[in-house]
Amino acid sequence: MLINVLAIIYAASTLYSSKKESILAAETRSLTIARAVDQSITSNVDKIDIALQILEREAEAQLVQGELQPKALLTSLRQQQLMLPESAGCRIFDATGHIVAAVGIVATALPQLDISQRSYFQDLKSGAVNGLYITKPIRSLISDETAVLFARRINDPAGQFAGLVLVPVKVDYFRQMMQHFDLTPSDATTVRYSDLSLIVRYPPYLINGKPIDASPNYSPELKKIALSGVTEAVYHSISPSDQVKRIKTFHRLGNAPFVIIGEVGEKEYLRPWYRQVWQTVGFLGLFMLLSFFLAGLVIHYWRKQLNAISSLSDSRDQLDSAQAVGHLGSYVFNLVNGEGLGTASLYAIVGLSPDTNLTLAIWEAIIYHEDLHEVQCRLDRAIDAREPYFSIEYRIVRKTDGRLCWILDLTKIEYTTDGGILRMSGVIQDIGDRKLAEERLRLTQEVFLHTNEGIFVTDGQGQFLEINPAYTQMSGYSLQDVQCRTPHSNLCPQTFLQQILPELQQTGRWEGELQSCRKDGSLYTQFSRISSVFDNQGNISRFIGIASDVTELREIQSRVEYLAYFDKLTDLPNRIRFIDSLQQAMDNLQLENESIGVCYLDLDGFKLVNDEWGHSTSDTILQQVGTRLQSTFGKNGVVARIGGDDFVILLMHLQGENALLSAINQLHNLFIKPFLVNQVSAKLTISVGATLYPRDGGESPEVMIRNANQAMCIAKLAGKNRSHLFDVVNQRRLRDNQNLFARVQMAYEQNEFQLYYQPKVNMLNGQVIGVEALIRWIHPQQGLITPEAFLPLVENTEFSITLGEWVMRQAMRQMKIWASAGLVLPVSINVSGYHLQRSDFVSRLAQILDEYPGVKPDWLELEILETSAMEDLDQIALLLQACMALGVNFALDDFGTGYSSLTYLRRLPTKTLKIDRSFVIEILTNSLDQALVAGIVALGHSLAREVIAEGVESLEHGIPLLRMGCHLAQGYGISRAMRADEVQDWVAQWRMPEIWQNCINEENPLAIEVNQNQRAFG
């Protein structure tokens, strides 16, 4: 029974390991499917986004010139439509949701089309979404077709919403794309939106052979994984739609709100395992039948042994000697008086002292308590049947050491004439060693016969001595076929023993894979573990090997690797394999004068070929394109297809840019000859983008591919059948500006900004009339940074509004602090045109003023640029009036650098004109600047405006200004901008400069009294 249990445990363990391997293979396949779909969708999303950005910039450029031009936009839409074979058209809508220009839509539907109530239109209009906006599948307003919409917002020059550009991609396109993947009947792939709403599943769920709608159905496991935020995960679940258990891979796209589910049917992958289960159950049944048969043989043997012992009972001395040798002992019990007698060897077996009076009670005490009842029952059956002999195996407890010992008891019963029992005699044998040997032999035999792995035994020269049925099933050879033959003769390569014998002799073991030949001549991959058996002299006497057929496993692994790294249509490497090759080329680049290049090429107008001649013809053309590229560049480079009609080429060992241009010229020449498919002749051109490493940078393969793709898009925009090299300087400048802008935002969050204040004075009386707040960046490493280094980056951005309101609050807070110290000092701050033209500017300003009730509104002066004020004069004039109604004053900054129109000045309710420092700084030496400043001062006075001069770099600059009648000034000659805690001390120490006082006295002696009054006031 124990051997049967061990055999069952071993079979269960083997089946468990086999099932794990099958499930692992299915998980690997589902992961491969999901990643393959990711590559196709990611490439298409990037291409659509580039087209949308191009259309967005063109529309915004037209808005700068006036209004949208439908005819010009229609031309651009058609060009982009050719680049997007997967789209259902391109459309541009205005701010009211009505169409401006469109391709891929029935003309009669244009006037009625209104998307203003669509959620995506509302989101883009409100500014809730920046950048690329991708919707869930939406049913068309014109037809019943469903599509995923890709859209971008269009802004007018003021940053207001002016419309959107939109590209719909039909859901059927995703389904058609999935049909090109190599899916088995148990495979499937699903694309869902980020909220798990269904976009498409291929193939669809089937119930009774008919497709069903699985849109609202997804498993709890999928929902849990999606909420966890992981990018990729493998899980097992039962699909709610058809109740089929599948192994699935959850994969989240990086550039779109899509989730891909790669699915593999678990039942299909476990079909071979189920067959293995039934085979194992059959083997176990045969094993148990054989064990019962062997038990019968043993009992028969015991009966014969009892007869032999009984015939020798009269020769006591000879028996003792024989019993000692054979671990036997004999006994006799007289049932009349209950006394017994045993031989010396019997006492030794049971652990009794030789002088012990043997009785039935003592014998019963020796029998192991679990076996005692069985022994008594067997004795009763023999007596009832008047059997003269019987035998039984049972365990005893040795009296000397308490050890359990198996014995075989062969008993003879002598009966009286009236049917009573006269005496019992018998022989016991210590069978402990035999029991252990039998158990080991049976276990070894069953393992040898019923294991699923092939086992073979050879002699020291490698000639077969024994093989098990599994080895016969694997190789086709029976024991008669292989006896007296070596494993390498027909079964294995000729060099088999020469390769492994040294290792077997040295280490005693070897394992590995080798190609073997079956009896029918077919080859298979065999994984073997071989161990050496040594004799007493240390020489190899046997080899014992365990072998498995891993051909199917290796074929599956090869197929999975192929799908993961190669394009199924063209047999070219895919994006993953190309990135690996490019990374190796970058790592191995050693020569200083050598470069590697990446060419990204796109087939111009390939969608027309697809639409006119169908997918089959276009697929054949793609294969021919791959063949041409591979034949020309495959020998010294790598050619890959990374999606649709996009190919990339890795060029190695280039000697600079000229070599790259030569290769690009070869590329164009390859497409001079038309492509012929089934009497169809297709003339194609290509747009090529290229980049060089290390000249153009590119710290990773992905960056190099992206750079080449950007260059290709520029070439296509230039008119197609063109090529373009990546411009690294412009790219670096753009990246540096982006990094600096991000650092400026971080500086705001980390409170690294601080306001400095520059005094403004009245040169006629020396009075400090106020200060101008100037922002400074206190960088932790670089120290103080002036606004010229970072403010241009934030102009016309939402962050400029955040920063502008921060400046307002800081200025109001500081005026409150100074007022509480007895210093009333008005503060002027600069406001950008982008901030000023916000619809909520007045309400936000009123809110900030209300936050500081102790500060009078007329202490705050807002400085606006002349150029920004002229952009929309009527709107700006109304806004200034609304702000002045709150009590706030306005100054026109940098006056003289813009239009300087009298009409504009008359209509703008500003209190002060600030003369730009560029006119003032050269006033001492440049007569033209003197005339300009004098004119501005006279103009300001004529319009009843205060005039203040910026750029008073020295006290001498104040003399000509005083003579012109400009009494208000600020600049380094008076004071540089200072921290807020330094202002109060500076005001207290400020005195009217003597050089100004002398000028006033020369011009007007009465001014001495003014100066005295000023000193008394100070």
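**Exercise 1.** How many bridges join strand 11 to strand 12, and do the two run parallel or antiparallel?

*Solution.* The model is predicted, so local features need pLDDT of at least 70 and side-chain atom pairs count only at pLDDT 80 or more, while totals for chains, interfaces and linings use all residues. Residues are numbered from 1 along each chain as its sequence is written, and side-chain values use heavy atoms, without hydrogens and water.

Step 1: locate the strands (E, at least two residues; helices are H or I, at least four; both are DSSP runs numbered from the N terminus). Strand 11 covers residues 232–238, and strand 12 covers residues 245–252.

Step 2: check the pairing (DSSP must find at least two bridges between the strands). Seven bridges join strand 11 to strand 12, and the two run antiparallel. Tyrosine 235 has lysine 248 of strand 12 as its bridge partner.

Step 3: inspect the connection. The two strands form a hairpin with six residues between them, and glutamine 243 in the turn has a positive phi of about 60°.

**Exercise 2.** Classify two aromatic pairs.

*Solution.* Step 1: take the criteria (rings of Phe, Tyr and Trp, the last by its six-membered ring, pair if their centres lie within 6.5 Å; planes under 30 degrees apart are stacked, over 60 edge-to-face, the rest tilted). A search of the whole structure finds 21 such pairs.

Step 1: phenylalanine 741 and phenylalanine 799 are edge-to-face, at 6.1 Å centre to centre with 85° between the planes. This pair links distant parts of the chain, from helix 21 (residues 728–749) to helix 23 (residues 798–820), 58 residues apart. Phenylalanine 799 is buried, with a relative accessible area of 8%.

Step 2: the ring centres of tryptophan 986 and tryptophan 990 are 5.2 Å apart and the planes are at 20°, so this pair is stacked. Both tryptophan 986 and tryptophan 990 are buried.

Note on methods
Buried < 20%, exposed > 50% of the residue type's maximum accessible area, 1.4 Å probe, protein only.
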